[in-house]
Amino acid sequence: MLRKLLFRQAPRAYRFLSTQSTLPLLSKCSVFSYCSSSRPEIPPSNSIEHLEDQPTNTISIDRSGLYSPPEHSHEPSSDSELVKHLKGIIKFRGGPISVAEYMEEVLTNPKAGFYINRDVFGAEGDFITSPEVSQMFGEMVGVWAMCLWEQMGQPKRVNLVELGPGRGTLMADLLRGASKFKNFTESLHIHMVECSPALQKLQHQSLKCMDEENTSEGVDKRSLSTLAGTPVSWHATLEQVPFGLPTIIIAHEFYDALPVHQFQRGSRGWCEKMIDVTEDSSFHFVLSPQPTPATLYLMKRCKWAVPKEVEKLNQIEVCPKAMDLTSTLAKRIGVDGGGALIIDYGLNGVVSDSLQAIRKHKFVNILDYPGSADLSAYVDFASIKHSAEEASDDVSVHGPITQSQFLGSLGINFRVEALLQNCTDEQAEALRTGYWRLVGDGEAPFWEGPEEQVPIGMGTRYMAMAIVNKKQGIPIPFQ
C-alpha cells in the first residue's frame, strides 16, 4: 500500500534552503592566499563594507533601530539585552566580531541565548526535527544502537550519550522501543549533553525520570528513567561524560548549530566575514583586513579538498568546533570502543554560504533581532570524515548515506506497516505523513489537505555518518 502511495516527486525546501554558491570567481588568486592589510575589492551587490570604511569615533547604541517594543511597555527584553551585549563586545574590542562568535552568543548566551530559556521545538516552536515528526525515528536509531552494541560484544556497561537532545523525544522513543531487550537496556547509563536548563527539565519529563535521594555530601543526585529502568545524567559538555567505558554517541541535528566562520574571496585572497555596528546602530557584515585565527582551519579544509572544488567558490564556511568535536569523539572511540552516529543536513564536500535563520518556521535575516531565531548551517560531512581519520588510527568512518537509505535499511518500512495494522484512521494519516517526512523526497503525493500544510520529505536532504572503533567491523547499515 505504501509503495503505491509514497512515490517520489520533485524536492522542495523544508527546513533549510539550498544555498551552495557557484558564482564566478572574484579573482584567480591561490587557494592558500589570504587577505592582506590592503583593502580587498568586493562588488557593491554583496552589501559588505570594509573595515577601513568604518568610523573611528565612539559608537552610540540605539536599540530602537533593532527592536521596537510595544507602546508604553517597560518590560525587560532578553533580545534587547543580547543586542546590548553584542554591541558591548564590539565596542570593547574596538572592532568587529566573527560570524562564529555572533552565532555562539545568539544561540547559547547564558542569559538570552535562543536555546537557553525556551522550548524551540515542535509545531509551536521555531522548527520541527525528525524525532518530533514520528516515534519511528527514535526507534530506528535504537535499532542501530543495539546492533552496534552486539558488534561490540554486548558489554555489560555502556555509556549512551546524546549531544543536544532537544526535548528528549529521540531518547524516549529509543528507550520505549528497546525496553523489551533487557540485556541491552540494563547495560546502559544515559548521558544527556545539554547546556540549556529549560531543555534539561523537558528531557527529564520526556524520559519520565525519578530522582533518587542522596544524603551523602559531594555525591551528585542520580536520576532513573522509568521507561527502561536506566540511570540518566546531564552534562554541559561532552568532556564531562566519564571515560573508561565503551561509548555510543548520537548527534542528531547537533552539528548544524555549531558556529561557523565565513570566508569570502577577494582580489588579494580569502578574507573572513565579520559583524560590526553601523553609524545608525544596526548590525552589518564587513571583511577583515588581515588574516584571522580561523584562517588556519580554512587552510586545513582547503588542503582536504580537491582544488577544482575550491576554485569554483567565492565563499567558504568552516566550522572549527565541528572539527575539534569530531577529533574528540574519534579519540574517545579509538581508546574506549563504541561509535558515533551523526545525522544532519549538509553536504559531502566544501560548504559555501549556507548560514540561515529560522523563526516560527520561516526564514529571516540572520542579523535581525538576535536571539529570536535559530541559526544553523550546512554540515560539512567530508570535513567530519577527515577530522576523525586524522585524530585516530583506531577508528573507521562510514557514509554519509541519505536518511532514507539509513532508515530503510534498518526496517522502518516494516515498522510502519506493522503500526498501520492496528490504528485509527487519524493515526494512520499521521503515520503516513510522518513516514513520508522521514524518508520521502519533496511533496507527499497522497496529501489531500491544505496546500500550505503539505508534508515535505527530508529523506534525501538529511544524511547519516558513523564513526566506529575498527575492531567492531563495519556498522549496520553502512555495509
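Guide: Pro-400 sits in strand β18, residues 395-402. Bear in mind that this is a predicted model.

Visitor: What kind of peptide bond joins Gly-399 and Pro-400?

Guide: A cis peptide bond, with omega about 10°. Ile-476 and Pro-477 are also joined by a cis peptide bond, and there omega is about -5°. Pro-477 lies in the segment after β21 (462-469).

Visitor: How many helices and strands does the chain have?

Guide: The chain has 15 helices and 21 strands. Of its 479 residues, 55% are buried. The accessible surface is about 22,000 Å², and carbon and sulfur atoms hold 50% of that. Take the contacts between residues at least 6 apart in sequence: 75% of them join residues at least 24 apart.

Visitor: Which residues of α11 and α12 meet?

Guide: From α11 come Met-323, Thr-326, Ser-327, Ala-330 and Lys-331; from α12 come Ser-383, Ile-384, Ser-387, Ala-388 and Ala-391. By class, this contact of α11 with α12 has five nonpolar, four polar and one charged.

Visitor: What makes α9 and α12 roughly perpendicular?

Guide: Again, look at the angle. The axes of α9 (residues 295-304) and α12 cross at roughly 95° and come within 10 Å. The range for roughly perpendicular is 65 to 115 degrees. The crossing at roughly 95° falls in it, therefore α9 and α12 get that label. Lys-300, Arg-301, Lys-303 and Trp-304 in α9 meet Ala-382, Ser-383, His-386, Ser-387 and Glu-390 in α12. The contact of α9 with α12 counts two nonpolar, three polar and four charged residues.

Visitor: How do you know whether Ser-281 is buried or exposed?

Guide: Ser-281 has 1% relative accessibility. Buried means under 20%, so Ser-281 counts as buried. Ser-281 is in the loop between β10 (269-277) and β11 (283-287). Its phi is near 70°, a positive value in a residue other than glycine.

Visitor: Why does Tyr-369 count as partly exposed?

Guide: Tyr-369 has 37% relative accessibility. Exposed needs over 50%, and buried needs under 20%. The value lies in between, so Tyr-369 is partly exposed. Tyr-369 also has a positive phi, about 50°, although it is not a glycine. The loop between β15 (362-364) and β16 (374-376) holds Tyr-369.

Visitor: What makes Gln-262 count as buried?

Guide: Gln-262 has 3% relative accessibility; the cut-off is under 20%, so Gln-262 counts as buried. Gln-262 lies in strand β9 (residues 261-266). Leaving aside residues up to four places away in sequence, Gln-262 touches Val-99, Cys-271, Glu-272, Lys-273, Phe-285, Ile-316, Glu-317, Asp-353 and Leu-355.

Visitor: How far apart in space are Gln-262 and Ser-98?

Guide: They are 8.2 Å apart, C-alpha to C-alpha, and 164 residues apart in sequence.

Key:
Residues are numbered from 1 along each chain as its sequence is written. This is a predicted model: local features need pLDDT of at least 70, side-chain atom pairs count only at pLDDT 80 or more; totals for chains, interfaces and linings use all residues. Side-chain values use heavy atoms; hydrogens and water are left out. Contact means heavy atoms within 4.5 Å. Helices (H or I, at least four residues) and strands (E, at least two) are DSSP runs, numbered from the N terminus. Ala, Val, Leu, Ile, Met, Phe, Trp, Tyr, Cys and Pro count as nonpolar, Asp, Glu, Lys and Arg as charged, and the others, Gly among them, as polar. Buried means under 20% relative accessible area, exposed over 50%, partly exposed in between (1.4 Å probe, protein chains only). Accessible areas come from the Shrake-Rupley method with a 1.4 Å probe; for residues, only the protein chains shown count as cover. Axes are lines fitted to C-alpha atoms, for helices over the stretch in contact, and angles run from 0 to 180 degrees between N-to-C directions. Angles under 35 degrees count as roughly parallel, over 145 as roughly antiparallel, 65 to 115 as roughly perpendicular and the rest as oblique.
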